[in-house]
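This report goes through one protein model and its ligand, region by region. Please keep the sequence and the 3D view open while reading.

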Amino acid sequence: MLMDISLIKKQADNELALIEKAEDLVLFEKKYLGKQGLIADVFKGLKDLPENERKIAGNQANLLKNELKAVFEQKSKQIYQKRGQTENLVGKIDVSRPVPQKEIGYLHLITQAQRELTDIFKTMGFEVVLGSEIESDWYNFDALNVPKDHPARDMQDTFWLKPESSKMLLRTHTSPMQARYMETHKPPFRIVVPGRVFRNEATDVKHEAQFYQLEGLMVDENISVSSFKAIMAEFLSQYFESKVEVRLRPGYFPFVEPGFEIDAKTKGGGPARRSPKGEGGWLELMGAGMVHPNVFKAAGLQQRTKGKVNFTGFAFGCGIERLAMIKHNIPDLRLFYQNDLRFLKQF
Ligand code: PHE
């Protein structure tokens, strides 16, 4: 028994001398000082010894235990101190040390653009309203003066929902909200409608099967094309952060009369600088026009009483990604939907 004790002591000293890591120290403690460790075994063995030997062996075992505890504690101090020094934790916690940054999420560029655009319109007294992505063919087409079998339906290739008899579809533009809003509100009003729209089209740098639009509608007494032009110039100048000139060209949309294509150009900076292509720097931006009398009629609004026109209005619809592409010089619409962080993190 006494032999065992001195052997254990020797072995423990050797092992301890080699230990450098806290993890090994834990194992060492378990092996020697643990409940089922070697020293506990020695104590358990005492009862089998003859009376006289037991006393001596017991003393030795106690000595060994205390010694091991002492060297073990000394060693742990050394090891933890070393570790603490590298972690700067000994004696103080360095409260000025920068905390590792957690990555937090932020808004997708489309959402950012959508909010920038609607914020601009809010400053001009427009209300922001939302429509539904699933629409009936009535609101998407008929109420907007596009009767069944009218060739204009082909301008927007549509995803129809099943069964086809339901006549439900994924809205191809945000214009249905013109009809819905006018059904439940009386002029004057001014609204913008941001939202996702869907078209059954092949994708390329300028086209996706889904994209975002911002619809605008303003109806009041004496709303004219020049009111519209002024509001567009103001809105685009604010969004592109430089003075924008607006040009109207004739364009066809069944729900407006007259209908326009809106071109824009800036003096230095803005769309013109970013797209030197178009004629003299003009860039085609969106469709628009004066609200067609049939659209007012379908919504139940009486535009004339006794031959007198009570109100007129303008409407426009622009692609949100398209505006963001021009502003940020983004070459391909598909980038918005690929969720590549190398792209997204730039905005
Ligand atoms: N809804 C049309 C489109 O998606 C755009 C538009 C809106 C045109 C309002 C005129 C008036 O192409």
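Leaving aside neighbours up to four places away in sequence, Leu-68 is in contact with Ala-12, Tyr-32, Leu-33 and Ile-39, where contact means heavy atoms within 4.5 Å. The model is predicted: local features need pLDDT of at least 70, side-chain atom pairs count only at pLDDT 80 or more, and totals for chains, interfaces and linings use all residues. Residues are numbered from 1 along each chain as its sequence is written, and side-chain values use heavy atoms, with hydrogens and water left out.

The protein chain is divided into domain 1, residues 2–90, and domain 2, residues 109–344. These bounds come from an automatic or database domain assignment. Between the C-alpha centres of domain 1 and domain 2 there are 81 Å.

Leu-68 belongs to helix H4, residues 51–87. Helices (H or I, at least four residues) and strands (E, at least two) are DSSP runs numbered from the N terminus. Leu-68 counts as buried because its relative accessible area is 0%. Buried means under 20% relative accessible area, exposed means over 50%, and partly exposed lies in between, with a 1.4 Å probe and protein chains only. From Leu-68 to Asp-142 there are 74 residues along the chain, and their C-alpha atoms are separated by 92 Å.

## The ligand and His-173

Which residues are closest to the ligand? Of the 15 residues that surround the ligand, the closest are His-173, Ser-175, Arg-199, Gln-213 and Gly-317.

| Side chain | Ligand atom | Distance |
|---|---|---|
| His-173 (N or O atom) | nitrogen | 2.9 Å |
| Ser-175 (N or O atom) | nitrogen | 2.9 Å |
| Arg-199 (polar atom) | oxygen | 2.9 Å |

Taken alone, the ligand exposes 320 Å², and the protein buries 93% of that. Accessible areas come from the Shrake-Rupley method with a 1.4 Å probe; for residues, only the protein chains shown count as cover.

His-173 lies in the loop between E3 and H7. Is His-173 buried or exposed? With a relative accessible area of 3%, His-173 is buried. The His-173 side chain makes a polar contact of 3.4 Å with the side chain of Gln-156, and a polar contact of 3.4 Å also joins the side chains of His-173 and Ser-175. A polar contact is a pair of N or O atoms within 3.5 Å; within protein, one must be able to donate a hydrogen and the other to accept it, and residues adjacent in sequence count only if both atoms are side-chain atoms. Beyond four places in sequence, the residues in contact with His-173 are Asn-140, Leu-144, Gln-156, Val-197, Arg-199, Gln-213 and Phe-255.

## The annotated position

An unreviewed UniProt entry carries the annotation "binding site" at Glu-257. UniProt positions are given in the numbering used here, feature names are shortened, and annotations may be inferred rather than shown by experiment. Glu-257 is placed in strand E7, residues 256–266. Its relative accessibility is 51%, so Glu-257 counts as exposed. Not counting residues up to four places away in sequence, Glu-257 touches Met-290 and His-292.

## Helix H8

Ala-233 sits in helix H8, residues 225–240. Ala-233 and Val-244 are eleven residues apart in sequence and 5.8 Å apart in space, C-alpha to C-alpha. Residues up to four places away in sequence aside, Ala-233 touches Val-244 and Val-246.

## Backbone geometry

Most residues other than glycine have a negative phi, and most peptide bonds are trans. Lys-162 and Pro-163 are joined by a cis peptide bond with omega about -5°. Pro-163 is in the loop between helix H6 (137–140) and strand E3 (168–170). The bond from Pro-187 to Pro-188 is also cis, with omega near 5°, and Pro-188 is in the loop between helix H7 (176–184) and strand E4 (189–198).

Asp-149, a residue other than glycine, has a positive phi near 65°. Asp-149 is found in the loop between H6 and E3 and counts as exposed, at 78% relative accessibility. Asn-339 is not a glycine, yet its phi is positive at about 55°. Asn-339 lies in the loop between helix H11 (320–328) and helix H12 (341–344), and Asn-339 is exposed because its relative accessible area is 53%.

How values were computed:
Near = heavy atom within 4 Å.
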